[in-house]
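Please open the structure in your viewer and keep the selection panel at hand.

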Amino acid sequence: MITVHDLTKKYARTTAVDHISFSVSKGQIVGFLGPNGAGKTTTMRMLTCFFPPTAGQATVAGFDVLTQPLEARRHIGYLPEMPPLYLEMETVDYLRFVGRLKGLSGAELNRRVEFVCERCAVGDVKTKLMGKLSKGYRQRVGLAQAIIHNPDVLILDEPTAGLDPRQIIETRELIRSLAGEHTIILSTHILPEVEQTCEQVIIINKGKLVATDSVQNLQARFRGAESVLVDISARSGEMSAAAVQQRLEQVNGVSRVTCRERQGHGAVFEIESDQGRLVRGDLARLVVEAGWDLNELRSAAMSLEEIFLQLTGAESAAATSSAAPESNA
Amino acid sequence: MKNAWIVCRRELGSYFTSPIAWLLVTMYSLIFGYFFWNYLGHFVLQSMELQMMGEMAPTSINEEIIRPLLANASFLGIFFIPLISMRLFAEEKRNGTIELLTTSPVRDMEVIVGKWFAATILYCWLIFYSSISFCFLFIYGHPDWKPLAVAYLGMILQGAALLALGTFISTLTRNQIVAGAGTFAACLLLWVFSWVSSYNSAGWAAVLSYLSIVSHYESFGRGVLSSRDGVYYLSVIFLGLFFTARSLESLRWRS
């Protein structure tokens, strides 16, 4: 549905997007992840034909953004970072205006306006001036205008920015429910958001593509073998960490044990096991049988956050230049 | 051009749902009404004096009232045009709604023409209110309506030309005040350009004088349909909208 090949955008002195290539297939939700100023908005603006790329190609729904911008735009619904609302208009008038602009008319326009009002839960503010709407409602009206012409591709720039936690959850649910009928690209710098809403993630930093993969794969890639954190403490008296470590290493399937931290009567161990072997039961049994207390036993799977820091951290360590300027300005 | 009409309708709705349109028409009517009252008062006094001296009363309402009054009205437009045009693109840029327009399946030119046309309609609506005063002249006298119609055509053309310039200036900034002040300066300069021809007959002075927007109104004001001046106004409209399109395009390449 979206293919991007060697897309580059240069501003006067900086390269905001540097030879990015990726593709998104129909019906997917893709998270576009990167720190502020990574080039997310710039990439999205090129995809929506807001401005043309300096080099490279991008096609949306089969239309090239440079040579067939009008056709491409017809298949795109776009929610910029700041919802593009005319504050002196009523919600329903605004939606009708956007619908007409996107080529709807007559009965179909009425039907679509009713539909998106219901879909995005803005029916109760239909006749309110948009200047009087709360941030959450404005975001939902923004989403409503993006889907009014039933586009194949939805491009959402930081759709949850500036919302309160409940509104964030509502917005995420709404976006998730839109997947399937639309192909969605959403940008964010909030990592849990990608873990919760997206199937695929594209990580960029300083205009360069760092990783593109499914969320599960990315986590698995960095997890490698399964690792478990175990917090053990002695029931009475001292406990020799070295002795405990030795006992843990003897459990079937354990490949490596490292002592993470030691405090008073206890210690936390990170236990790596061969992939596919479930050693938690054995570990728990051993600890209890040896007369220690098992305070905590949890999976040490890397969160996307750690992966992200690892990926972008390596990048920034190599690059000595200062942070890329904010492209949203 | 269907899209231009969609943009135009939204723009008009925006003028009339906010206080802008109503405020402008109030101010315009007030000032024009004062002009009218003064000219009428002067005319009445003059006729009475002439009658007392046993001479013929001046009969030409067109020459004595309508023509000077409309010359003033066209000048009054210079003050109102920046107020109409300043928000056209500056406001869109500030609110971020420009991203909606430029990522919708509409051509830049359709957006520009729509916005400019809405501003022109608002201006026409303003000067329509001035015509109410003239109704009194038609009720109590017998002025010739044809020169009046031509003068109104001239005013509309002049307004449309200046609004096209204002539309262009509005794309240059996201600050409405800056756009308004810039447009006002441009309008004022175009007005005083003609002064130079009064003491200088060099070639450049003639060019400058030709560029002056108010001097082209004079023949319309006399009730003469002049193709030369019509061409001037149409060229300014075309040029203004052309520059607006280029400016909007450069916005895409730069930003």
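Over the ring of which residue does the charged end of B:Arg87 sit? Select B:Arg87 together with B:Tyr15: the charged end of the arginine sits over the ring of B:Tyr15, 4.6 Å from its centre. Please bear in mind throughout that this is a predicted model.

**Second stop: an arginine and a ring from two chains**

Next, select B:Arg10 and A:Tyr86. B:Arg10 lies over the face of A:Tyr86, and its distance from the ring centre is 3.5 Å.

**Third stop: aromatic pairs**

A pair of aromatic rings is described by the distance of the centres and the angle of the planes. Over all chains, a search of the whole structure finds 27 aromatic pairs. One of them joins A:Tyr86 and A:Phe97, with 5.9 Å from centre to centre and 75 degrees between the planes. The pair counts as edge-to-face because its angle is over 60 degrees. Which parts of chain A does this pair tie together? A:Tyr86 lies in the loop between strand S6 (76-79) and helix H3 (91-101), whereas A:Phe97 lies in helix H3, so the pair links parts that are 11 residues apart in sequence. Both A:Tyr86 and A:Phe97 are buried.

Now move to chain B and select B:Tyr232 and B:Tyr233. These residues form an edge-to-face pair, with 5.5 Å between the centres and 65 degrees between the planes. Are B:Tyr232 and B:Tyr233 buried or exposed? Both are buried.

Remain in chain B and select B:Tyr28, B:Phe32, B:Phe36, B:Phe80, B:Phe134 and B:Tyr152. Together these residues form one aromatic cluster.

**Fifth stop: the interface of the two chains**

Display chain A and chain B in separate colours. The contact takes 27 residues from chain B and 27 residues from chain A. Between them the two chains bury about 2,700 Å², with 59% of that area on carbon and sulfur atoms.

How many salt bridges are counted between chain B and chain A? The count is 2. To see a salt bridge, select A:Arg45 and B:Glu99, whose side chains meet at 3.0 Å, N to O.

Finally, colour the helices of chain B.

Terms used: Residues numbered from 1 in each chain as written. Chains lettered and ligands numbered in written order. Predicted model: local features only at pLDDT ≥ 70, side-chain atom pairs only at ≥ 80, totals over all residues. Heavy atoms only, no water. Phe/Tyr/Trp six-rings, centres within 6.5 Å; stacked < 30°, edge-to-face > 60°. Helix = DSSP H or I, 4+ residues; strand = E, 2+ residues; numbered from the N terminus. Buried < 20%, exposed > 50% of the residue type's maximum accessible area, 1.4 Å probe, protein only. Lys NZ or Arg CZ within 6 Å of the ring centre and 35° of its normal. Contact = heavy atoms within 4.5 Å. Buried area = accessible area lost by both parts, 1.4 Å probe. Salt bridge = Lys/Arg side-chain N within 4 Å of Asp/Glu carboxyl O.
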